[in-house]
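Please look over the chain below before reading on.

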Amino acid sequence: YGAVDIAGGAVIDLAAPTSGTYSGILFFQHPDAPYSASSTFNFNGGSTMELTGVLYVPNNAIVFSGGNTTTGNCTKIVGLTVDFSGNAEINNSCAGTGVPSIYLLDKVPLVE
């Protein structure tokens, strides 16, 4: 099972497909992927990204760290853990992007 590691200085512009089976899914890690520190999805400081779509990593961590700016209008996140540190930020205005809504069936715990 793979992971994503975008490091400082990177300029990334990615958008999910707008039709088909994986419409709206930007990154997908199979739900059977076991938890592993080497399977963390890292979006590191000093990178500038335009990410439009859902980051779906149900059994591993997603980390956005300092100095990281995501300028895409629609970034949704599903992860075992999600960690924002430093000046990391994302946008979540998805109207008209083709990215589906995420409906929660239970409560989402936020841990500080």
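## Pairing and overall make-up

Two strands are said to pair if DSSP finds at least two bridges between them, and this sense of pairing is used throughout the report. The model is predicted, with a mean pLDDT of 81 for the chain and 87% of its residues at 70 or more. Confidence is lowest in strand S6 (residues 69-70), where the mean is 71, and highest in S3, where the mean is 91.

The chain contains 0 helices and 7 strands, and along the sequence it reads β-β-β-β-β-β-β. Of its 112 residues, 32% count as buried. Among the contacts with a separation of 6 or more, residues 24 or more positions apart account for 43%. The chain exposes about 6,600 Å², of which carbon and sulfur atoms supply 52%.

## Strand S5 and its partners

Strand S5 (48-64) is mostly covered, with 13 of its 17 residues buried. S5 pairs in the parallel sense with S2 over 5 bridges, and a further 3 bridges join S5 to S3, again running parallel. With S4, S5 pairs in the parallel sense over 3 bridges, while its parallel pairing with strand S7 (residues 75-84) extends over 9 bridges.

Individual bridge partners can be located along S5. Phe27 stands opposite Leu55 of S5, and the partner of Leu55 in S7 is Ile77. The bridge partner of Phe43 in S5 is Phe64.

## The exposed strand S2

Strand S2 spans residues 11-15 and includes Val11. Of the 5 residues of S2, the number buried is 0, so this strand lies largely in the open. Val11 has a relative accessible area of 70%, and because exposed means over 50%, this residue counts as exposed.

Val11 and Thr48 are 37 residues apart in sequence, yet their C-alpha atoms are 4.9 Å apart in space.

## Aromatic pairs

The structure holds 6 aromatic pairs. In one of them, the rings of Phe27 and Phe41 have their centres 6.2 Å apart and their planes at 80°, so the pair is edge-to-face, the description used when planes are over 60 degrees apart. Phe27 lies in strand S3 (residues 25-28) and Phe41 in strand S4 (residues 41-43), so this pair ties together parts that are 14 residues apart in sequence.

Both residues fall under the 20% limit for burial: Phe27 counts as buried because its relative accessibility is 15%, and Phe41 counts as buried because its relative accessibility is 3%. Phe27 and Phe41 also belong to one aromatic cluster, together with Phe43, Phe64 and Phe84.

## The largest nonpolar core

The largest nonpolar core has 14 residues, and those with the most contacts inside it are Phe27, Phe41, Phe43, Leu55, Ile62 and Phe64. S3, S4 and S5 each supply at least two residues of this core, and S5 gives the most, with 6 residues.

What does Ile62 touch, not counting residues up to four places away in sequence? Among the residues that Ile62 touches are Phe41, Phe43, Leu55 and Val57, and the list also includes Ile77, Val78, Gly79, Thr81, Val82 and Asp83.

How values were computed: Residues are numbered from 1 along each chain as its sequence is written. This is a predicted model: local features need pLDDT of at least 70, side-chain atom pairs count only at pLDDT 80 or more; totals for chains, interfaces and linings use all residues. Side-chain values use heavy atoms; hydrogens and water are left out. Rings of Phe, Tyr and Trp (its six-membered ring) pair if their centres lie within 6.5 Å; planes under 30 degrees apart count as stacked, over 60 as edge-to-face and the rest as tilted. Helices (H or I, at least four residues) and strands (E, at least two) are DSSP runs, numbered from the N terminus. Buried means under 20% relative accessible area, exposed over 50%, partly exposed in between (1.4 Å probe, protein chains only). A nonpolar core is a set of buried Ala, Val, Leu, Ile, Met, Phe, Trp, Tyr and Cys residues joined through side-chain atoms within 4.5 Å. Contact means heavy atoms within 4.5 Å. pLDDT is the predictor's confidence in each residue, from 0 to 100. Accessible areas come from the Shrake-Rupley method with a 1.4 Å probe; for residues, only the protein chains shown count as cover.
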